[in-house]
Amino acid sequence: MMKLKTYITALAMLCITLQASAQHNTITVSTAAQFVEALGPDRTIIIATDQPLNITEAIDQKVAEGTLPEGETYYTPEAPVSATAQVTYASNTDGNTLQVRGCNHLTIRSARGRATLLATPRYANVLEFIDCNDLTLENLVMGHTQDGYCDKGVLELDRCNHVTINDCDLYGCGTEGFVIDGCHNVTVNRTTVHDCTYYTMHVVRSNLVRFNDCIFRDNKESAVYNKDSKVTLKNSLFEDNCSDSDNGSKKNGGAVYSHYTLKVDNCNFVNNSADKGGAIFADYDATVTNSIFTGNSAAANGGAIMFDYRGWGSCETLTLNESKFTGNTAGSDGGAIFCDSMNYLTMSDVEIRNNTAGSNGGGLYCQKGSSSSCDPDISGKITIIDNQLTNGTKSNAFLGENKTSKCVFKITDNIDPSSRIGVTSNTNDGDLDICKIWKKDAYKNTANVFSYDTDKYKINRYTHWYSDFWWVEIVKK
C-alpha cells in the first residue's frame, strides 16, 4: 500500500510538471510587431535578430489599428492589482509607452549576443512591467533612439516580485536606468547602466533589491537613489558619475544617495562627484565592506562618504570594514569621510591615506553631537595618515567637540599595534583627548598608534577612579 501511494504521488507530480511545461510556451520573434504580439504570461520570448527593435513603431501601428488597449498614463501604488494578464499602452507627451501587466512567469532573452529594444519618445519608458511575478530579462540592450533631455527612464518595475535581470545594458537619454517601485526580491546581475540624466536607479517602497557585478558609469544626478528600500550593491563599479543636473546645479551623492538600509560589498568607487558625499551620501544605516574609494570629490563635505544627520533625534550607524580611501577630496570638511553629529561610526581594518580637505579633517571628520555619545569605534588595523588640507597642512582625523564633551576614538576590542592614526582637534583647551578604551588589555596596544606633534604635546594614559574605562589624552607640555 505504501509503495502504491508513493507511485501515485510521483505520477501526480509528473503530471503537474508536464502540464506546467505544456502551458509555458517558447516564442521566437524577429520584429518589433512580433515582440509586442508575443508578450504574455507563462512563456519565454526569444529575440532572434541582430537588428534593433523599435517598440514605439510597433505600438503606434497597433494603436492606429485599435488592437492595443490604453492603460494608465501614470502608475500609482494604490491602483488595483492587475487581475488578468494584459498588454497596454500609455500615452505620453511625445509618444506611447508599452505596459506589460500581470504577466507572470515571463522570460525575455536574446537568441545570441544581445538584442536591442528601443523607444523613440523621450517622455516614455522603453518598457514598463506592472504586477508581474517571476520575470526574467536576459542579454538585452535598452535605450532611447534620441540623445538629449528626457523625462522618462528605460525600465520601470511596479509591484513586481521575483525579478531577475542578467547581462543587460541600459543607457540614456533615459532619465533613469531603473525605476523599482513597490517590488520584492529584485536581482540584477552583470548589467551596465550608463549615460542617464537623472539617477541610474530609483528605488522606492521595495525590499531585497540586489545588484551584483554591475557597472554604473557616466550618469548624472546620482547613480543610485534609494528612497526607503533595502538595497545591496555587490562586486560592482561606480565610475565617473556625478550629481550635476542639466541646469548646472550640484546635488548630494555622486554615485549613491541613500535614505534607507544600504549594504555595499566589494565595490569600487572611482572619480564620482557631488556637492556632499562624492561617492555616497547616506543618512540611514549603511555598511561598507571590502570596498575601495579613489579620486572621488565633494564641493562641500565628505569627498568619498557623507554620513548626514537624519533629524528627529535619530542616531544612525555607518559601518566600515576592510575598505580603503585614497586620493579623495572635499572642499570643506572630511576629505574621505564626514560623519555628522548624532550619528555613529564603526571602523575595522580601514585605511584612509592621501586624501585632502579644504578646512578640517583631510582624512576623517567627526563632530560631537549635542546629546549623543557618537565616538568612532575602531578595531583591527586602522591607518589614517598622509592626509592634508589644501594649503598643505597635515590633517588626518579631526575630532570635534560640543559644549560638554569631546569626540574621541572608542576601543572595545584589541587594535592592531601596527595601526597609525594622526589626530587633530578643535578643543578649546588646546588638549587633544583622543581615545577611550573599553577593554583594559587593549591599553598596551595604543602606545604607538596615535601620532601628534611631540614638540608641543605629550601623551597621558589613565583611568578614572569611578570607572573601568582607560583614557589616552594628548596634552600640552
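Which way do Leu 127, Glu 128, Phe 129 and Ile 130 point from strand β8, and are they buried or exposed? Hold that thought for a second, everyone. This is a predicted model, where local features need pLDDT of at least 70, side-chain atom pairs count only at pLDDT 80 or more, and totals for chains, interfaces and linings use all residues. Residues are numbered from 1 along each chain as its sequence is written, and side-chain values use heavy atoms, with hydrogens and water left out.

Okay, back to β8, residues 127-130. Strands here are DSSP runs of E, at least two residues, numbered from the N terminus. Leu 127 and Phe 129 point one way, Glu 128 and Ile 130 the other, and all are buried, meaning under 20% relative accessible area with a 1.4 Å probe, protein chains only. In a regular strand, side chains alternate between the two faces of the sheet.

Now the neighbours. Strands pair if DSSP finds at least two bridges between them. β8 runs parallel to β5 (residues 95-101), with three bridges, and there Glu 128 is the bridge partner of Gln 99. β8 also runs parallel to β11 (residues 155-158), with four bridges, and Ile 130 has Asp 158 as its bridge partner.

Phe 129 turns up again in the largest nonpolar core, which has 100 residues, as one of those with the most contacts inside it. Such a core is a set of buried Ala, Val, Leu, Ile, Met, Phe, Trp, Tyr and Cys residues joined through side-chain atoms within 4.5 Å. Apart from that one lies another core of seven residues, including Tyr 257 and Phe 398.

Notes
Buried means under 20% relative accessible area, exposed over 50%, partly exposed in between (1.4 Å probe, protein chains only).
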